[in-house]
Amino acid sequence: AIMAAGVEWTAVVLTCRRGGGVAALQRELELRRRRGALGRRPVLVLALEDPWAGVGSGGATLNAVLVAAEHLSARAGCTVRAGDGGPTPARRPPGREFSFDDCGRAFTCLPAERRGAAAEAPVCNLDGLLGVVTERLCVGSPPGVWVCSTDMLLSVPSVPEIDWDGFQGVRVIAVPGSQAYARNHGVYLVDEQGLVRDIIYKGTEAQIQQCAGPDGTVPLVCGVVFFSSSAAEQLLATHVIPPLDACTYMGLDSGAPPIQLSLFFDIVLSMAGGMTEEDFVKGGGDASVRSARSVLWTALRAFPLSMGEQCCGGHLQVTSPDLLTCFSGGLLHVPTPRQQPLLLEDGSSVTNCLLEGAVRLAAGSVIQHCHLQGPLEIGPGCLLTGLTTGSSSALQGCPLRDVVLQGHHVRLRDLSCRVFTLTGRLDDWQATYLNVPWAEFFHRTGIRKGDLWDAETPQKDRCLLSARLFPVLHASEALGLEDVLWLLAPAASGDRLARWRAAWRMSWQELLPCLDKAAELGARRDLFFLQGQRKVRRVLLGRQDGSLLPLIRSAVYEGYHEALLGTLDEVASTADDAGIAARALACIADVLGCMAHGEGGLRSGPAANREWALAFGRLESRDIAGGVRELATERQKWMSSPALLVRAARHYEGAAQILIRQAVMSSCQFVTVCPAELPPLGHWVQVACPARLDLSGGWSDTPPITYEHGGAVVDVAVLVDGCRPIGARVRRIDEPELRLASLGGTPWGEAAVELVCHELGQLENYCQPHAPGALLKAAFICTQIVQFPSQKPLRDQLMENFGGGFEVHTWSRLPHGSGLGLSAGKGLGYLSSDGSAVPGGWEGCWILRTAGGGWQDQVGGLVPGIKIGRSEARLPLRVEVEEILVPEGFAQILNNHLLLVYTGKTRLARNLLQDVVRNWYARLPSIVQNADALVNNAEECARALRQGNLPLIGKCLDVYWQQKKCMAPGCEPLAVGRMMDALQPYVYGQCLAGAGGGGFLYVLTKLPQQKETLHQILAKTEGLGNFSIHSIEVDTGGFSMEVVGCDPNSNTHPGEDMAM
């Protein structure tokens, strides 16, 4: 199965030496599988110990293929190993012992990030190699086994042109390198057909020159080999043939004597075209290896060994000087995350570190997995790893230059301890220590040879690897970093020499087998998520656009969700505005949703369970800290199953809506409520409102986007089929109650929904969009006719302030879910007719209802003509409206070219809105970029309208529709897609009104007066259902209001209204 940019693995096997912490490595592989780093399909992951201590890379490969085949066969329900030629495993040996990273070369962290990864995590060499093989080298390859050594760093910036057509046999991958570099590495000798003739390791100048290409470079062995399915099966078959059976666990269990086998110089070399059987077998050393080579020659010789095109990348064997050069600007050209960029010189690198205070890092130095407190100054050429804040005081004032300083987790049977090591960057491990000859070191420190080596140790073995330099335990004192740092400045160290001699010390070769990989990997994770908590605070409190969702996923996968929830609780409790707190609560909802692991139901759903009422009540009363505490207390009761987690996530999103509403209501300070003389009892005040068309920019007006990013929407107030389609009327009545009625499509029709509110409690569901009369209840509260919540009963409020109650009727000629601002329009009609309010409720009414929509409906319906509304990225929220001055007569041209097509599909904007707000709070990069594009397109559309440029306006409509689909995937029903395809040749542009998902499609036709033509086209299009086409006109008059007396049907009808 092929991925978008590579392959899907069947299995990934990571081999390690015996005693190499296989359980910790298995956990690392499992984490990568959970993060999605190994593909979408279920993949077998195995960390596998070598059967023998010195089995070699070839023996480890054979054992890995055998174990993977057995596991895959068992998965398939087989009782014997099955070889069906399907996709087979990738094996990645973790490399030899590596003194510069306690977890080996495979888990050496790189100063890199995997952008677009679903889960955030440090990038290790293993991840880099896996990415290179999966996304670069594997593209187009047939099923088989990829073997990749982790002894190297491999960079392939683009997909190489490897020809896999008709491929058979085995293929090696090479990278181009200089002849000078090749003197210490392996090189392939290849013929004109691309077949490998020989493998030359540390060859002579003449041998290397023989391998050079026309450009003078040579193909370096980079440790990557591909075995086709047939070649892998043939290799696997040798595991039962002595002496190769000794390379596998089966040989160990059968008592076979151990044998060492090389992947390249035993297995791969057997297929090299320039080898003869005699030369190959004789080159095997002892009799057992010669016998093994004979078996390999017979089994594999028939397979061609080819070399893929040389990958235009970098290859580096990982050693200390190479590592520093690479990480500080050599092979890996990646930006380093810099918390304090003025303190980090160019050419330095910081990976998975938390640096607090002034920590200055010179060029050419690398810090990894450290938590340090300044002020500190690290000189050039240094590598620091595994140091904690407790080491910071020892480092202050200590001159560091060209040294490698490491903190290690060591396990001595049942005792765990921390050990610090210090070496020189330029040490050759034989004749020098701390970059000076041993004699100079002894003279400077007073240390004697007998302190480091036993008397019986041969002179040739007296080297840095065997020198007992590093204190581990002391009889009476705790050891720390200062117990090795004194070696840099012994003259100022006082009694440190005596203390050093009194400690039990170990050499490098004694320490390496005792390194605790599990503890080290755990410490790295702890540090990473400690940084993650700081990042959460920085992003939220700094109102940054960075996405926290990848970090949230990692925290859940790796068991750090409780710490992350605590940090989010803290941010929400202490934030200085409701907008930040709302985003923090939305992030908590994401944590809970991730903890459900895709089970438990849909994220969107009801959020009014009474168990959460106390917390919601505190938030409603603006006690955010108290509300967050109550939410956290209630949350603990909902953590036991995926279904409860999803329901809890919904309630956290509901809590965020309360705070969003409060943030939006900050706009009230810009609102003027004008006292007006009350109309007589029983007299109706009636309003008719136009519909609105959003020509561009919609979604950018939606809270919280509108006050966190800023918004701009181009709106047009329109008549539909010659009339204002939305209306409302209100009258005062004697009874102290609220009578609410929806009349359907006409102002004189029968009531479709009737509701009478006698008590405040009946208004409580004003914030639930699907509740009967919710919008009108919200309107009464928004205009402050009714105070809610309040200790004063509804009856008393109405009598004291108005001498009675109110009766409200609303109607619309448009279907529900039309996308033309119907819901908000009804509320605005009431707000305009109640005798006490002006555009004061533009957003408040809609947001109080917690449908959560933006201000475009209010701007579009209340302000006449063509205009653009804008809001800045700040609180309090303020919307400024600018009339768009179009050329004379252009409004009529628009009337002739604009048409409405009812699609027959309806959908509530709320169904789309929840997903959009959730994605915005997650700051998905695509959503953030789209928000920028929406605002830019709105300004472009405004310019096109000022120019009277129909084609450019149409282009803006098409762009806008694509932006809507990006913002709310799934908003284009299949029938609507067919309709738009059918109309495309006849229009400059088209777009679904509002949030999409159904309702009205508006089109800008190339020719005027095309209503009948489009009807004929759509009538011939299959699969559309019931559609209708309507004319629209720009309404330059705006909403109308009139007092119609006691009989609402005795005066004008909508469309004949008089402006007042």
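Threonine 351 is buried, at a relative accessible area of 7% (buried means under 20%, exposed over 50% and partly exposed in between, with a 1.4 Å probe and protein chains only). This threonine belongs to strand E14, residues 349-351 (strands, E, of at least two residues and helices, H or I, of at least four are DSSP runs numbered from the N terminus). Beyond its neighbours within four places in sequence, threonine 351 is in contact with Cys109, Leu110, Pro111, Ile367, Gln368 and His369, where contact means heavy atoms within 4.5 Å. The model is predicted, so local features need pLDDT of at least 70 and side-chain atom pairs pLDDT 80 or more, while totals for chains, interfaces and linings use all residues. Residues are numbered from 1 along each chain as its sequence is written, and side-chain values use heavy atoms, leaving out hydrogens and water.

Turning to the rings, the whole structure holds 26 aromatic pairs (ring centres of Phe, Tyr or the six-membered ring of Trp within 6.5 Å; planes under 30 degrees apart are stacked, over 60 edge-to-face, the rest tilted). Among them is the edge-to-face pair of tyrosine 201 and phenylalanine 265, with 6.0 Å between centres and 65° between planes. Because tyrosine 201 lies in strand E10 (residues 196-201) and phenylalanine 265 in helix H8 (residues 263-267), this pair ties together parts 64 residues apart in sequence. Tyrosine 201 is partly exposed at 48% relative accessible area, and phenylalanine 265 is also partly exposed, at 29%.

A charge also meets a ring: arginine 505 lies over the face of tryptophan 500, 3.9 Å from the ring centre (CZ of Arg or NZ of Lys within 6 Å of the centre and within 35 degrees of the ring normal).
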